[in-house]
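Reader: Hi! Could you walk me through this model in plain words?
Author: Happy to, let's have a look together.
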Amino acid sequence: MQIHPYLFFDGRCEEAIAFYRQALDAEVLMLMHYADGPQGSGCPEGAMPPGDKVMHASLRIGDAQLMVSDGFSRGQPQFAGTALSLTLADDAEAARRFAALADGGQVKQPLAPTFFASSFGMLEDRFGVPWMLVVPVPPPG
């Protein structure tokens, strides 16, 4: 069993995909626009977002999969109560990825060493998605 985060960008999904491709080397595994679906295959409530908006996309980031969509395309994405946690191999990569994700966003906790990590930081990217980046300290022994 696997759990995959699914983010709804409410009209900015194509922009988010391009951003994550650059910032995280995301690979697009699948991309479907509303116009690509069968006639009448809109969202629940009978809504039909514009045909050029993303109905569904799947991205590979490292070993993980991230699902994304424009959802209803109402222009009001909300990512409250969640965060994506990115575990990195070393401090240099953490610094590079943190800077890339923070571009146009807001740093909540600067990247710094802690008692549990050689690097840890929190930010919201330009889309409002909360991220935590960590380089864990190897366990003693």
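Reader: Let's start with Val68: is Val68 buried or exposed?
Author: Val68 is buried, with a relative accessible area of 1%. Here buried means under 20% relative accessible area, exposed means over 50% and partly exposed is in between, with a 1.4 Å probe and protein chains only. Before we go on, this is a predicted model: local features need pLDDT of at least 70, side-chain atom pairs count only at pLDDT 80 or more, and totals for chains, interfaces and linings use all residues. Residues are numbered from 1 along each chain as its sequence is written, and side-chain values use heavy atoms, with hydrogens and water left out.

Reader: Thanks! Where does Val68 lie, and what does Val68 touch?
Author: Val68 lies in strand E4; helices (H or I, at least four residues) and strands (E, at least two) are DSSP runs, numbered from the N terminus. Not counting residues up to four places away in sequence, Val68 touches Tyr6, Leu7, Phe9, Cys13, Ile17, Val54, His56, Ala57 and Leu59. A contact is heavy atoms within 4.5 Å.

Reader: Nice. What is Phe9 in contact with?
Author: Leaving aside neighbours within four places in sequence, Phe9 is in contact with Ala16, Tyr20, Val68, Ser69, Asp70, Pro77, Phe79, Phe127 and Val129. Phe9 is buried too, at a relative accessible area of 1%.

Reader: How many aromatic pairs are there?
Author: The structure holds ten. Rings of Phe, Tyr and Trp (its six-membered ring) pair if their centres lie within 6.5 Å; planes under 30 degrees apart count as stacked, over 60 as edge-to-face and the rest as tilted. Phe9 and Phe79 form a tilted pair, 5.5 Å centre to centre with 55° between the planes. Phe9 lies in the loop between E1 and H1 and Phe79 in the loop between E4 and E5, so the pair ties together parts that are 70 residues apart in sequence. Phe79 counts as buried, at 10% relative accessibility.

Reader: Which residues form one aromatic cluster?
Author: Phe9, Phe19, Tyr20, Phe79, Phe127 and Trp131 do.

Reader: Switching to the backbone, what is the phi of Asp10?
Author: Phi of Asp10 is near 50°, a positive value in a residue other than glycine. Most residues other than glycine have a negative phi. Asp10 is found in the loop between strand E1 (6-8) and H1, and counts as buried at 14% relative accessibility. Asp25, in the loop between H1 and strand E2 (27-33), has a positive phi of about 55° although it is not a glycine.

Reader: Last one: which element gives the largest share of the lining of the largest pocket?
Author: E5 does, with four residues. By class, that lining has ten nonpolar, six polar and three charged residues. Ala, Val, Leu, Ile, Met, Phe, Trp, Tyr, Cys and Pro count as nonpolar, Asp, Glu, Lys and Arg as charged, and the others, Gly among them, as polar.
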